[in-house]
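Subject: Handing over the model

Hello,

Here is the structure I promised you. Please have a look at it, and then read on for what turned up.

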Amino acid sequence: MKPDRKARIGVVGGGFGAAFPWHEHPNCIVEAVSDLRPERCKHLQEVYKCDKPYESLEKLILDKNVDAVSVFTEAPNHVRHAVACMKAGKHVISAVPACMTVDEAEELLDNVKRTGLTYMMAETSYYHQSVMSARKWQAEGKFGEIFYCEAEYHHPGLDVLFIEDGKRTWRYGFPPMNYPTHCTSYLVGVTKERLTNVTCLGYDDGTQYFKDNDYRNPFADETAFFGTNKGHAFRVDVYWNAPVRGCERGQWIGSKMSFYDPHPNGLGPIIVRESEGTEKDDGGFERAVSKFEQYEQPAWWKTDMLPEPLRHDSGHGGSHTFLTHEFIDALVNERKPAVDIYEALAFTVPGIIAHESALEGGKQMKIPQFDPKG
Amino acid sequence: MGREKSGMTRRAFLRSGVAVAGLTLSGGASALEPITIEKQKAIRIGVVGGNFGCSFQWHEHPDCIVEAVSDLRPERRQRLKNGYKCGKSYESLEKLILDKKIDAVAVFTGAPDHVRHCIAAMKEGKHVICAVPAAVSVEEAEELLDTVKRTGLTYMMAETSYYRQAAISARKWYQEGKFGEIISSEAEYHHPGADKLSFENGQITWRHGLPPMLYPTHCTALITGVTGERLTEVVCVGWGNGEPEVTSNRYNNNPFWNANAFFKTDKGRPFRVSRSRKVAVRGTERGQWVGSKMSFYMDHPNGLGPIIVRAGEQIEKDDAGFERKLAQFEKYEQPLYWKTSMLPEPLRHDSGHGGSHTFLTHEFIDALVNGRKPAVDIYEALAYTVPGIIAHKSALQGGKQLKIPQFDPKVEIHDA
């Protein structure tokens, strides 16, 4: 595709799929939309001002005018749908997670490699404004070495999304660590290191949701501790039911500088820097007094990182416009998107193994790697 | 029932737990007739270690007399004498413990000497309160436990985090069921610039190259000291940068400045511990507990006070439009327990490490006076200390998951 060309996208999934500004991107045309439910299909038509609806993804992907498909369907269908699209010759941007099992990961990767098409995972945390700052500082060496990192996705009361119109949704009883990418991208998406082993523990909250779900998942909350290929540690929480305030956040602890995302208990973003000053702790022992400051988060979405029509705030920490642009720009310029298949699997698979670890009482497990050799 | 004893007053012996049978100690013998245990007037303590050892209130406690003090260095010895208004000093612990008037010894020496010093004191019939950590190897832990069991003397570890005011609150709430179940907990002891304590007057101190997880108790006390649960498994990842202190040191050339550990408890719950000696974070000893009904976050050095979060049913939307429940949160006004009748009147003042020093002082003396176990007895002390020893081993093996040995007494079922 040439830079003066436009990518013709088919948007599938009228829930979260309606939250991306494809129609505003100068190099994108929304060619068609689809959702199994007529009211959601209608919603997509209205949002994207598109008058070509299909009643299913399977029908939409037969449209020769469609270059690429945005797959915002239920998590358990992502691989089936993404593979179907690629088999029909369409580039794909998929909602998270990339896949649900290691077998699915292999199937997805095989199809991406075989077709040579562009695959991108729409991980919002990758473009949280604060994560963009962290990635920039990492590239500039500001952190020194990030030797420890934490991320948490707390969605207390996810059960309000378990039932819709009296029917169970795909979220009903969903294993927390099968939805790890909002967290894993905080480290993998910043330093590119890979998570190589994990121990994870789950909490059974005693509710019905975690006794009779399709995933045979007994856990409402999972806490994981990953080791990385650089010998670093990374703690991840994904909680559906706990007395905590909802958030997607992280903190990076470095040898020269540390950065803390805003905390929902009422603390803004904080930078802490190494310093030579000293103070005494309350036991009378001397220690270094690290300098700290409130970080004024730049709104990267206001800058020329985005095409002019997309320079507005958007969901998940200003990430939606970036995801939109990254996918379209990658297609137009025939380059890899930032969160390509390898990054997508490096964000997703560690959570799959973490959940397996939790099911085995926290047994430490190795995480399979999918990166190309060399 | 015959017993031998040495270097221990009858009063102290009785206080130490008379029920211990077959007790044998080296030295001279004297039989003891059964005597009704009465609350004793005053414990005579010998204080060893003229640095941190100066920061406890032995001289203020109504049931305690500072009988003697000791430090190898004359200037520190003098500091102890001044601080505790004590005219009797010894030039070493070894000499002090021979003093027959001394019931108990406060061992505030270098960490690698704790077990050696405690055992020496107990062998002379002295009760012991010891600075943290209790031990620096599993072998030491076993040796210490054996000696405590064999002598029947009182051993207490002076873990300050156990009596941080916030930890007292957390323990109270846990006991009252306010947290519900603890889903997960975390603790961190960050001491950036710890290398400032690695040298003193040009000489290397015991802190030089200290493996961070050999000093775990400020953290582990925040779960084990709150819920009583034991840490059974650990994965730990260390970090070092090849600087001289973490290349060549007395701790088998420990390579780590910092370490992060993930423990599993005997209830199957996660507990994350961060220990840092060289890092760009603000110094702190803190913890947080996520419960099924309530969560509690100790104050954070980045500028957030203590916070309680309670489960709420109100619905809000996240910034992508997805519904979730809005937990209620509030700033917690920390009560100052040290102002209350939990302490004898003269000790009702603020003290080091979050107001813990007066509590540690009182707990030890009160346990001795009433012939009861102190809160942080040998079993608790090892349950705080040994997990860190194993964590360090895990870090040395690249984060391998290791089981943690347990030292609690087997529960025996006795027929009525």
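H5(A) passes H6(A) in a right-handed crossing, where right-handed means that the near helix is turned clockwise from the far one by less than a right angle, and left-handed means anticlockwise. This is a predicted model, in which local features need pLDDT of at least 70, side-chain atom pairs count only at pLDDT 80 or more, and totals for chains, interfaces and linings use all residues. Residues are numbered from 1 along each chain as its sequence is written, while chains are lettered from A and ligands numbered from 1 in the order in which they are written.

The two helices, H5 (residues 129-140) and H6 (residues 181-191) of chain A, have axes that come within 8 Å and cross at roughly 35 degrees. Axes here are lines fitted to C-alpha atoms, for helices over the stretch in contact, with angles running from 0 to 180 degrees between N-to-C directions. Helices (H or I, at least four residues) and strands (E, at least two) are DSSP runs, numbered from the N terminus. On the H5(A) side, Val131(A), Ala134(A), Arg135(A) and Gln138(A) meet Tyr186(A), Gly189(A), Val190(A) and Thr191(A) of H6(A); a contact needs C-beta atoms, placed from the backbone, within 7 Å. These contact residues divide into four nonpolar, three polar and one charged. The classes are Ala, Val, Leu, Ile, Met, Phe, Trp, Tyr, Cys and Pro for nonpolar, Asp, Glu, Lys and Arg for charged, and the others, Gly among them, for polar.

Elsewhere in chain A, Phe347(A) sits in helix H9 (residues 341-359). Phe347(A) counts as buried because it has 28 C-beta neighbours inside 10 Å; the cut-offs are 20 or more other C-beta atoms within 10 Å for buried, 12 or fewer for exposed, and partly exposed in between, with C-beta atoms placed from the backbone. Leaving out residues up to four places away in sequence, Phe347(A) touches Met121(A), Glu123(A), Thr181(A), Thr184(A), Ser185(A) and Val188(A). Its C-alpha atom is 8.5 Å from that of Ala98(A), 249 residues away along the chain.

The two chains also meet each other. That contact takes 59 residues from chain A and 60 residues from chain B, and the chain B side has 24 nonpolar, 23 polar and 13 charged residues.

Now to chain B itself. Its secondary structure comes to 10 helices and 19 strands, and 53% of its 416 residues are buried. The domain assignment, which is automatic or from a database, gives domain 1 (10-153) and domain 2 (162-334 + 378-403). The C-alpha centres of these domains lie 30 Å apart. Their contact takes 14 residues from domain 1 and 11 residues from domain 2, and the domain 1 side divides into 12 nonpolar, two polar and no charged.

Strand S1 (residues 43-48) of chain B has six of its six residues buried, so it is largely enclosed by the rest of the structure. Ile43(B), Ile45(B) and Val47(B) point one way from S1(B), and Arg44(B), Gly46(B) and Val48(B) the other way. S1(B) runs parallel to strand S2 (residues 64-70), joined by six bridges, and also parallel to strand S4 (residues 104-107), joined by four bridges. Val48(B) stands opposite Val107(B) in S4(B).

There is also an open sheet of nine strands in chain B, with mixed pairing and the order S18-S15-S14-S13-S7-S12-S11-S10-S19; strands pair if DSSP finds at least two bridges between them. Strands S18 (328-331) and S19 (402-403) stand at the edges with a single partner strand each, so one side of each is left without a neighbour in the sheet. H7(B) packs on the sheet, touching S7 (182-190), S10 (231-239), S11 (258-265), S12 (270-276) and S13 (284-291) of chain B, and its direction makes about 150 degrees with that of S7(B). Helix H10 (residues 378-396) of chain B packs on the sheet too, touching S10, S11 and S19, at about 50 degrees to the direction of S10(B).

H7 (residues 217-227) of chain B has 11 of its 11 residues buried, and just after H7(B), Gly228(B) takes a positive phi of about 80 degrees. S10(B) has eight of its nine residues buried. S10(B) runs antiparallel to S11(B), with eight bridges, and antiparallel to S19(B), with two bridges.

Enjoy looking around!

Best wishes

Technical notes:
Contact = placed C-beta atoms within 7 Å.
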